Amino acid sequence: MTHYDVIIIGAGAAGLMAAATAGQRGRSVLVVEHARRVGKKILMSGGGRCNFTNLDSGPGHFISANPHFSKSALARYTQWDFIALVERHGIPYHEKTAGQLFCDRKAYDIVRMLLAECQAGGVNVHTGVTVTDVAVGPPHRIDTPDGPFTADSLVIATGGLSIPRMGATPFGLEFAERLGLQIKPTRAALVPFVLGKRRQKQLGDLAGISVDAEVCAGGACFREALLLTHKGLSGPAVLQASSYWTEGEAVAIDLLPGTDLEELVAAARPNHPNLHLKNLLADFLPKRLAQRWGELWLPDGSLARLSQADLAKAGDLIHRWTIYPAATEGYPTAEVTLGGVDTAELSSKTLECKRYPGLYFIGEVVDVTGHLGGHNFQWAWASGHAAGKAI
Ligand code: FDA
């Protein structure tokens with residue numbers, strides 16, 4: 001068969017969801033994937049256990065030039081719909097922190113479930129196939145080494161740019177550009193920061209130390225773990241903040257969130273007048289971090305001898321530690337890509353392209369990017385489902 005109702009390029013989270021949904025509605029569906037395996041990012045996600053959704057998922061957890069765009073699809077296919085699907089397939093899961101749901105066993109459970117759903121819809125999945133050309137119709141046509149295929153609907157589900165070694169390509173973005181569609185500028189997000197050489201020298205040997213912190217960038221603040229690395233900073237709080245950071249901007253870090261250094265000193269001073277600030281800090285921060293921090297930036301001298309001005313300065317430093325990352329680690333380690341196909345080009349209900357009937361863009365290739373914690377998969381499921389219902 002060379003003509004299908006639907007051709008989907010990309011067998012990742014969004015593509016497989018769209019394929020299963022359309023297939024189960026009686027559509028003939030061909031999915032074309034250039035990697036040898038489907039759902040590679042699902043397999044590597046969540047440390048191999050796939051954080052497949054979040055109990056609190058909702059439009060407020062997404063970044064887009066149009067914050068309203070994701071509402072329709074997210075409302076029509078919610079986290080509860082996906083959880084029900086997971087339960088129907090008997091996949092054991094658990095809640096980790098803050099509503100994040102993970103497989104108990106392996107991420108492969110999710111891939112197997114999606115493939116079973118595709119099979120139930122009679123979907124044809126071709127892996128290891130390179131699309132050499134696309135002509136927009138309808139009928140739409142793709143050229144591959146296996147020959148040409150045509151379809152009434154064409155869905156681009158080729159994902160973002162992160163982790164090229166796992167099969168990420170700019171295919172969807174370049175194709176959209178070729179059609180003259182608007183693209184919101186892309187950059188790596190949910191990605192560790194790289195510090196300048198001087199800071200790396202000061203802090204690099206503390207790699208592996210993790211601390212509860214509030215990290216703020218571009219007007220957004222996240223309180224979660226911060227992890228020191230050889231090259232800079234990582235951990236959930238930093239990854240989240242990275243999605244709001246632009247090059248050259250400051251990042252403000254509160255190393256003692258929810259506490260007041262001046263109050264801590266006032267409480268400790270009567271009984272421990274000879275204690276040094278860095279030693280007091282060691283009660284609240286990992287010891288090596290407190291020591292290094294103290295040596296580098298805190299005023300010397302015992303608590304008894306600290307002036308009010310010294311204290312205010314120390315409080316400011318510890319609660320508003322300002323750093324200027326040199327860069328992020330970029331696409332090789334980023335979880336997602338910020339930006340993508342401008343939502344103004346698409347219907348929020350169906351993800352169909354306004355200018356090209358029968359052409360759809362879904363998942364991460366679209367300018368909708370989730371926070372850390374299962375939201376990106378929820379967007380892939382919801383946008384895939386929305387298109388799958390329309391095609
Ligand atoms: P996805 O990347 O899943 O699929 C795109 C597919 O298109 C791939 O199979 C790719 O090979 C294929 N493709 C690309 N170019 C092609 C071409 N030219 N021809 C044919 N096929 C092509 N999110 C979350 O919610 N919870 C989590 O736990 C994690 N964890 C995580 C860990 C890591 C290391 C990364 C990199 C990412 C995550 N994410 C995540 C993000 C999540 O994986 C991502 O947002 C979704 O997979 C996006 O789904 P898509 O279907 O849009 O793209």
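This is a predicted model: local features need pLDDT of at least 70, side-chain atom pairs count only at pLDDT 80 or more; totals for chains, interfaces and linings use all residues.
**Exercise 1.** Work out which parts of the chain make up each domain, and what area is buried between domain 1 and domain 2.

*Solution.* Start with the bounds: domain 1 takes in 3-187 + 338-390, and domain 2 runs over 193-328. Next, look at the spacing: the C-alpha centres of domain 1 and domain 2 sit 39 Å apart. Now the interface: about 600 Å² is buried between domain 1 and domain 2, with carbon and sulfur atoms giving 52% of that.

**Exercise 2.** Describe the shell around the ligand: how many residues surround the ligand, and which helix gives the most?

*Solution.* Count first: 31 residues surround the ligand, and the closest are Ala14, Glu33, Thr169, Glu364 and Phe377. Sort them by type and you get 13 nonpolar, 14 polar and 4 charged. Then go by helix: α1 (13-24), α2 (40-44) and α13 (375-390) each supply at least two shell residues. The top contributor is α13, with 4 residues.

**Exercise 3.** Find which ligand atoms pair up with backbone atoms of His34, Gly46 and Asn51.

*Solution.* Take the nitrogens first. A ligand nitrogen lies 3.2 Å from a backbone N or O atom of His34, and a ligand nitrogen is 2.9 Å from a polar backbone atom of Asn51. For Gly46, a backbone N or O atom is 3.2 Å from a ligand oxygen.

How values were computed: Residues are numbered from 1 along each chain as its sequence is written. Side-chain values use heavy atoms; hydrogens and water are left out. A residue is near a molecule or strand if one of its heavy atoms lies within 4 Å of it. A polar contact is a pair of N or O atoms within 3.5 Å; within protein, one must be able to donate a hydrogen and the other to accept it, and residues adjacent in sequence count only if both atoms are side-chain atoms. Ala, Val, Leu, Ile, Met, Phe, Trp, Tyr, Cys and Pro count as nonpolar, Asp, Glu, Lys and Arg as charged, and the others, Gly among them, as polar. Domain bounds come from an automatic or database domain assignment. Buried area is the accessible area (1.4 Å probe) that two parts lose on being put together, summed over both.
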